[in-house]
Each structure stands twice: as C-alpha cells, then as structure tokens.
Amino acid sequence: MQRMRWRAAMALLAAGSLVLAGCGGGDNQGGGGGTPGASKVEVFSWWTGGGEAKGLEAMVADFKAKHPEIQFVNAAVAGGSGTNAKAVLASRLQANQPPDSFQGHAGAELQDYIKAGQLEELDSFYDENQLRSVFPQQLVDQITFEGHVYSVPVNIHRSNVLWFSPQVLAEAGLSGPPTTVAEFISALKQVKQKTKKIPLSLGAQWTADHLFENVLLGDLGADGYNALWKPGADWSGAPVTKALQDFAEILTYTTTEAASTDWQLAAKNVVDGKAAFNIMGDWAAGYFKELKKTPDKDYKYAAAPGTDGVYLWLSDSFTLPKNAKDRPAALEWLKECASKQGQDLFNPQKGSIPARTDADTSLYKDYLAWALQQWKSSKLAGSFWHGVTANNQWHTDIDTAVGLFLNSRDVGKFQSALVEAAKNDAG
Ligand code: GAL
C-alpha cells in the first residue's frame, strides 16, 4: 500500500513538472536548417540509472552530432523496468500530452498502446529507410498489428541470466553454478550455512517479479511457460503450484525487499563479493562494465537455473505517438534508433545485443559475445515482466499478487490470484 501511494505521488509529481516544462517550450518553428520543422525532440524512457543512462547517452551523442539543429530533451523517469515511468506515461497520454517518442516493450505492452489508438503506424518510415528486412521476423511480428508496423526496436535483452560471484561460490564450497531449480535451492542453502554472504540478492519489488518469471521458466520449461500466456491457459495445475513453492523457498534466501535499492544495488552486491547470486536481465552487464568490473574475475554468468538453451527475451522499442508536438524531429530520432551506427553505439553500453541482424559483431565482447551466440541457438520465451507476453493490466495484476505474496507467503492464495489474473486479462 505504502509503495502504491508513493508511486502514484511520484507519477503525479513528475507528470506535473513535465507539463509545466512543456508550457515554456514554445511552438515548433523549425530549426537551423538540417531538418525542416524540427527544433527539439522530447524522448521518454526510464533509463536514468547505472548502465542504462550511459547507453542512452551514447546514442544521443550520435544523434546530436548528426542534428545540431535539434535540441534533445531527455524526459526519462527513474525506476527500473519502468515502474514509475509507465504511470507517468499513462497520465500524459490520457491528457493528450505525449512525449515525441517513448520507450515501449515489443509485444503485448506495445499492443496496448496501439489498440488504444495512441501510436502512429510507421509503414512508410520502414519503407523509406529500408527497415523491412533488418530485424528478425519474430521481432517484427511483435511490433506489428493488423498488418501495420508501430515501433523501432533498438535491442534484444535477456531476462534469464544468473550472475554470480566466483569468490563467494568457492567460499561456500560450490564448484559451479546450479543448473536446475532444485540445485539452486541447495546452493542457496549451502551459501547460507557456510558463509556470511547474502545467498540471493534482491532489490525493489519488481525484481521479485523478475525472479518469479525466471522460476516459472526454470520449472515449467519453455513450452510450459509459453503456454501460460495463451488465452485459456491453466494456471491452476500442479506444475504451477510446484513453481510457486520453489519461488517461496528461494525467497527465504534473499535480502529483505527494499524499494529504494532498485536493481543496481542488488546486482552490485555480486560484483562486490557481498552476495553469491543475483538473477537479473543483462542490463546488469552494462552496469558492471560501467563499474569497471572484470568478467570471469569479479563475476561470472550462466543461464538462470533450469533455463539453459532458452532465451527469455524482451526488446526495447521507440514509438511515434499520435499528436507528437515535434513530429519531424521524432522521425529523425527514430532513424537514429533504427540505424546500425546508433544500435552499435547503444547496445555495447546497455548490455544488450542489437535488434538489427547486420550489426558489427566485433563490438560485442565478453558476456555480449556469448549472448549473440545464445540468441541464435536458443529456444525463445517472452518475458512477461518486460512486456512481451502480458499486457499492462495483466502485468499490474501479477505485480499486485506478488506484492501480497511477499507479505503473506501463502502459495494457495497466490495461485488463485494468478488464475484470476489470467482469466481476466489473457488475450
Ligand atoms: C527493462 C528494460 C531494460 C532495462 C530494465 C531495467 O524493462 O527493457 O532496457 O532498462 O528494464 O530498468
């Protein structure tokens, strides 16, 4: 409850200040020549923190070099995985005050905005910029609705990564990372018994949602997990109960949930040798790079337990909202996002692989070299928490159920809430 009130207050505050900022902005009179009618562009995301802001900055620097006539207005709202940003965005869209372009996940989340009539289609933009064949087809399917394409994907992220400290594992007498959920639980127990370190580092509530999708995938496998997001899916069966019991047990080895820490501190505990494990998306790789940590020495990585050979994927994409004040500049921003150069500047910093299939692979080193190869050879499952399989309402309903569960630890009630959510929100 406390959290919800805080979030809502932050959302209103941020929305208010943005609207005020917008008032002084003046009308778009056109810039200094490069792009007719374009003098500024307001881009909305949630990339403010470690690793994330750096990635955005790299692309923005390239954009500014190409468009000195366009002022870049960074309207990012802090909060990992968009926890605060999405609320601010919703109120701006409702008030018909859209930013010129906003970040939206490919898949069900994007489809919400499309179905609500809030986005312009980008068919001619795709044709003019020869983008029809530069993205993988399964990704294009996720940004297409009724034959029209609606956003520009900048990357592919992986949700199911287990980050671990080789030092803490050695101290606990573990010879390597666990490969199944059962092994994971034993390893956590061993860390707890043999060391004074945190077995599994966790941050704000959304990082528990993130952990939850990983445990579901680990226990159910790609086919079982993917089936959960189809209309009429059965969330009431024994395999889901087992996953929820495992999730409950895993949570007993985590730090107490702390809203203020977000995901960065939870991940940092691993590279600082304070925690054995953290399950987080590969934006953590971008953050570790920024922290100047060395892969294989300060940290190691593997697929989250039980998910080897599966890429639990998600993709950040940028949109053109209807009634964008600075439409010509927004189209230039989208060109930057779509470009090979923009993607190759952004992704090595962000810890993601490029959405384009023709990117320069030599720029993707260490973890990212592994990710590129894994992306080609793995089965795919869509992240629910990061917008691929669950729409915004379903996402909120699961988050509410997870929040209640973190307090009650009542598996039966948790499962009933998930069954209800699926009934109300699927399809
Ligand atoms: C995801 C987003 C990533 C990263 C992460 C943590 O939802 O797709 O780009 O920003 O949240 O904030």
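Predicted model: local features only at pLDDT ≥ 70, side-chain atom pairs only at ≥ 80, totals over all residues.

Residues are numbered from 1 along each chain as its sequence is written, and side-chain values use heavy atoms, with hydrogens and water left out.

**Exercise 1.** Describe the contact between Lys86 and Glu109.

Solution. The two side chains form a salt bridge (a side-chain nitrogen of Lys or Arg within 4 Å of a carboxyl oxygen of Asp or Glu), with an N to O distance of 3.0 Å. Lys86 belongs to helix α3 (residues 85-94) and Glu109 to helix α4 (residues 108-115), so that the pair, 23 residues apart, links distant parts of the chain; helices here are DSSP runs of H or I with at least four residues, numbered from the N terminus. Both Lys86 and Glu109 are buried, a term for under 20% relative accessible area, with exposed over 50% and partly exposed in between (1.4 Å probe, protein chains only).

**Exercise 2.** Is Glu332 buried or exposed?

Solution. Glu332 forms a salt bridge with Lys335, their closest N and O atoms being 3.2 Å apart. Both lie in helix α13 (residues 327-338), separated by about one helical turn because they are 3 residues apart. Glu332 counts as buried because its relative accessibility is 13%, whereas Lys335, at 35%, counts as partly exposed.

**Exercise 3.** Which residues are linked with Asp62 in a network of salt bridges?

Solution. The network links Asp62, Lys66 and Glu336.

**Exercise 4.** Classify Glu420 and Lys423 by accessibility.

Solution. Their side chains meet in a salt bridge at 3.1 Å, N to O. Glu420 is partly exposed at 39%, and Lys423 is exposed at 61%.

Key: Helix = DSSP H or I, 4+ residues; strand = E, 2+ residues; numbered from the N terminus.
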